[in-house]
Amino acid sequence: MNEIRKRKEEDIELILKEGVQSRATTLLECVKLIHNALPELSFDEIDLSTEFLGHKFSFPILIDSMVGGSPKAKELNRNLALAAEELGIGMGVGSQRAALEDEGLAESYKVVREVAPNAFVMANIGAAQLKSMKKRELKKLIDMVKADALAIHLNPLQELIQPEGETDFRGVLEKIDEISDLVPVIVKEVGAGISREVAIKLELAGVSAINVAGLGGTSWAGVESLRARGIDERKEMLGELLWDWGIPTAASLIEVRNAVKIPVIASGGLRNGLEVAKCIALGADMTGMADPLLKAASKSKEEVVKFLKDRALELKAVMFLVGAKNVEELKGARYVITGELAEWL
Ligand SMILES: Cc1cc2nc3c(=O)[nH]c(=O)nc-3n(C[C@H](O)[C@H](O)[C@H](O)COP(=O)(O)O)c2cc1C
């Protein structure tokens with residue numbers, strides 16, 4: 001089996017079976033939204049819709065970049081894309097490197113646009129791979145899913161622990177700068193967060209949005225450590241040590257929001273609508289979830305739709321309780337920051 005395809009299937013199996021989560025939290029538990037006992041609005045008039053990068057979303061939750069590159073991934077992508085289309089939201093495909101090296105794997109990505117003609121779709125590539133890519137190759141990735149945006153993932157921690165990882169990250173920023181006029185670029189982490197310094201460099205390089213993907217959810221050091229178990233003792237040890245490395249999602253979001261003007265996506269460990277509401281109050285323009293949606297997609301499209309509708313209902317409930325009629329008003333909701341998050345800041 002093709003090496004990348006084999007690795008992707010192992011990752012999916014591991015995450016589905018073991019649920020490889022960080023042992024540290026997002027620190028969103030330190031954010032308390034202020035209850036409004038006099039909301040002066042009707043629950044039914046609350047509007048969850050929002051606009052992001054010129055695209056209309058029914059509610060501010062994205063299905064974050066996950067899979068592609070294997071037959072199993074094609075099924076998962078189909079379920080995610082059908083749900084995104086039905087709900088009027090957006091989704092990302094997983095790293096498309098596999099399809100560049102093996103044309104036969106492109107189908108597992110193409111299926112997304114086939115079943116979701118209207119959804120917001122993000123292409124995906126890793127920074128370490130981007131470095132050596134030609135514009136022509138990038139265009140191919142974007143065209144493969146007729147993408148609205150290209151998500152570039154920064155994953156130095158994951159590459160470090162991965163047995164076959166690419167650890168030369170020189171020249172990444174310059175390359176991002178070079179391609180940011182080709183297509184709207186969203187730069188994301190994969191679970192270790194973005195700092196204010198990095199955010200400022202990315203904004204100057206012309207990226208369209210930043211997805212913080214902070215600490216508190218899926219741990220890629222964890223995934224790679226488990227994969228190295230019994231194969232590569234040193235990688236296993238490093239992954240164990242750095243399992244919870246990173247900037248907690250809440251801290252990363254606040255840092256990035258205060259540092260740049262471009263839209264910000266909050267993600268990394270978001271699991272319910274209350275956490276989504278907190279992120280929007282902290283200044284996020286959009287939020288994203290990955291792990292729980294993989295689990296739902298492994299069952300059916302209906303499970304994905306149900307999961308997301310439940311999270312949207314939770315978000316609406318919280319908006320009622322803070323007296324926010326729409327997402328713009330939620331951005332102005334009052335909150336208190338306590339405990340460890342207050343110390344971070
Ligand atoms: C199975 C799986 C595969 C993933 N593959 C990618 C990928 O190919 N590219 C990427 O940018 N992020 C990838 N991610 C990272 C997610 O987009 C997200 O940033 C991260 O999982 C944190 O969100 P979560 O805690 O909600 O899972 C993947 C996540 C999961 C669970």
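This is a predicted model: local features need pLDDT of at least 70, side-chain atom pairs count only at pLDDT 80 or more; totals for chains, interfaces and linings use all residues.
The protein contains 17 helices and 12 strands, and its C-alpha atoms fill a box of roughly 60 × 45 × 40 Å when the box is taken along the principal axes. Its radius of gyration is 19 Å, which agrees with the value near 20 Å that a compact globule of 345 residues would have. Buried residues account for 50% of the 345 residues. Of the contacts between residues at least 6 apart in sequence, 79% join residues that are at least 24 apart.

Against that background, helix α13, which covers residues 273-281, is largely enclosed by the rest of the structure, because 8 of its 9 residues are buried. The buried residues are Gly-273, Glu-275, Val-276, Ala-277, Lys-278, Cys-279, Ile-280 and Ala-281, a list that includes the charged residues Glu-275 and Lys-278.

One partner of α13 is helix α15, residues 301-322, and the axes of the two helices come within 7 Å and cross at roughly 55°. This angle makes α13 oblique to α15, and the crossing is right-handed. On the α13 side the contact is made by Gly-273, Leu-274, Val-276 and Ala-277, which meet Arg-311, Ala-312, Leu-313, Glu-314, Leu-315, Ala-317, Val-318 and Met-319 of α15. Sorted by class, the residues of this contact are 9 nonpolar, 1 polar and 2 charged.

Leaving aside neighbours within four places in sequence, Ile-61 is in contact with Ile-89, Val-276, Thr-287, Met-289, Leu-308, Arg-311 and Ala-312; among them, Val-276 belongs to α13, while Arg-311 and Ala-312 belong to α15. Ile-61 has 25 C-beta neighbours inside 10 Å and therefore counts as buried, the cut-off for that class being 20 or more. The C-alpha atom of Ile-61 is also separated by 9.5 Å from that of Ser-267, although the two residues are 206 apart along the chain.

Helix α10, residues 220-228, packs with helix α11, residues 233-241, at an angle of about 155°, with the axes 8 Å apart. Because angles over 145 degrees are counted in this way, α10 is roughly antiparallel to α11, and their crossing is left-handed. The contact draws on Ala-221, Gly-222, Glu-224, Ser-225 and Ala-228 from α10, together with Lys-235, Glu-236, Gly-239 and Glu-240 from α11. These residues divide into 2 nonpolar, 3 polar and 4 charged.

Finally, the backbone deserves attention at two loop positions. Leu-27, in the loop between α1 and β1, has a phi near 70°, a positive value in a residue other than glycine, and with 27 C-beta neighbours inside 10 Å Leu-27 counts as buried. Lys-146, in the loop between α6 and β7, likewise has a positive phi, of about 45°, although it is not a glycine. Lys-146 has 14 C-beta neighbours inside 10 Å and so counts as partly exposed.

Key. Residues are numbered from 1 along each chain as its sequence is written. Axes are lines fitted to C-alpha atoms, for helices over the stretch in contact, and angles run from 0 to 180 degrees between N-to-C directions. Helices (H or I, at least four residues) and strands (E, at least two) are DSSP runs, numbered from the N terminus. Angles under 35 degrees count as roughly parallel, over 145 as roughly antiparallel, 65 to 115 as roughly perpendicular and the rest as oblique. A crossing is left-handed if the near helix is turned anticlockwise from the far one by less than a right angle, and right-handed if clockwise. Two residues are in contact if their C-beta atoms, placed from the backbone, lie within 7 Å. A residue is buried if 20 or more other C-beta atoms lie within 10 Å of its own, exposed if 12 or fewer, and partly exposed in between; C-beta atoms are placed from the backbone. The radius of gyration is taken over C-alpha atoms; the globule rule is 2.2 Å times the number of residues to the power 0.38.
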